[in-house]
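Please find some comments on this entry below. They are set out as numbered points.

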Amino acid sequence: MADLPDTLIALQRTARARLAGLTGDEYDAQWRAWRKAAAEFQAAVTDYAGREDVTESRYDIEQAVKTAVRHATEDPAE
C-alpha cells in the first residue's frame, strides 16, 4: 500500500467520535458531528482513489486508513 495522506488519517480519526456517556442534546450533536466527519472522510477517500497515480482500490485505501487509525498510539477521543 502506498503512503497514505495524513489528511485521510486525520479525517478518519475525527469520524471516530465517542458517544459513550453522552445523552440528549449532547448525544444528538455528537452524532451530527460524526456524520459530517464520516461524509468528509468518504469523499476524501473517493477523491484520493480517483487520482491517476493511485493504483489501490478505493476499498483497500479506506481499509488501510481505518487500520492505521486503529493501530495509532494516540486516541483523539480522549
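Is Tyr27 buried, partly exposed or exposed?

1. In this predicted model, Tyr27 is partly exposed, with a relative accessible area of 32%. Trp31 falls in the partly exposed class at 27%, and Trp34 is partly exposed at 30% relative accessibility.

2. There are two aromatic pairs. The ring centres of Tyr27 and Trp31 lie 6.3 Å apart with the planes at 70°, so this pair is edge-to-face. Four residues separate Tyr27 and Trp31 in helix α2 (residues 24-49), which means about one helical turn between them.

3. Trp31 also pairs with Trp34, again edge-to-face, at 5.2 Å centre to centre and 80° between the planes. Because Trp31 and Trp34 are three residues apart in helix α2, about one helical turn separates them.

4. Helix α3 covers residues 58-70, 13 residues in total; at 1.5 Å a residue it should span 18 Å, and its end C-alpha atoms are 18 Å apart, so the two agree. The buried residues of α3 are Ile61, Glu62, Ala64, Val65 and Val69. Viewed down the axis of α3, these buried residues fall within an arc of 160° and therefore line one face of the helix.

5. On the chain as a whole: it has three helices and zero strands, in the order α-α-α along the sequence. Of its 78 residues, 26% are buried. The accessible surface is about 5400 Å², with 49% belonging to carbon and sulfur atoms.

6. Of the contacts between residues at least 6 apart in sequence, 62% join residues at least 24 apart.

Terms used:
Residues are numbered from 1 along each chain as its sequence is written. This is a predicted model: local features need pLDDT of at least 70, side-chain atom pairs count only at pLDDT 80 or more; totals for chains, interfaces and linings use all residues. Side-chain values use heavy atoms; hydrogens and water are left out. Helices (H or I, at least four residues) and strands (E, at least two) are DSSP runs, numbered from the N terminus. The expected span of a helix is 1.5 Å times one less than its number of residues. Buried means under 20% relative accessible area, exposed over 50%, partly exposed in between (1.4 Å probe, protein chains only). The arc is that of the directions from the helix axis to the C-beta atoms. Contact means heavy atoms within 4.5 Å. Accessible areas come from the Shrake-Rupley method with a 1.4 Å probe; for residues, only the protein chains shown count as cover. Rings of Phe, Tyr and Trp (its six-membered ring) pair if their centres lie within 6.5 Å; planes under 30 degrees apart count as stacked, over 60 as edge-to-face and the rest as tilted.
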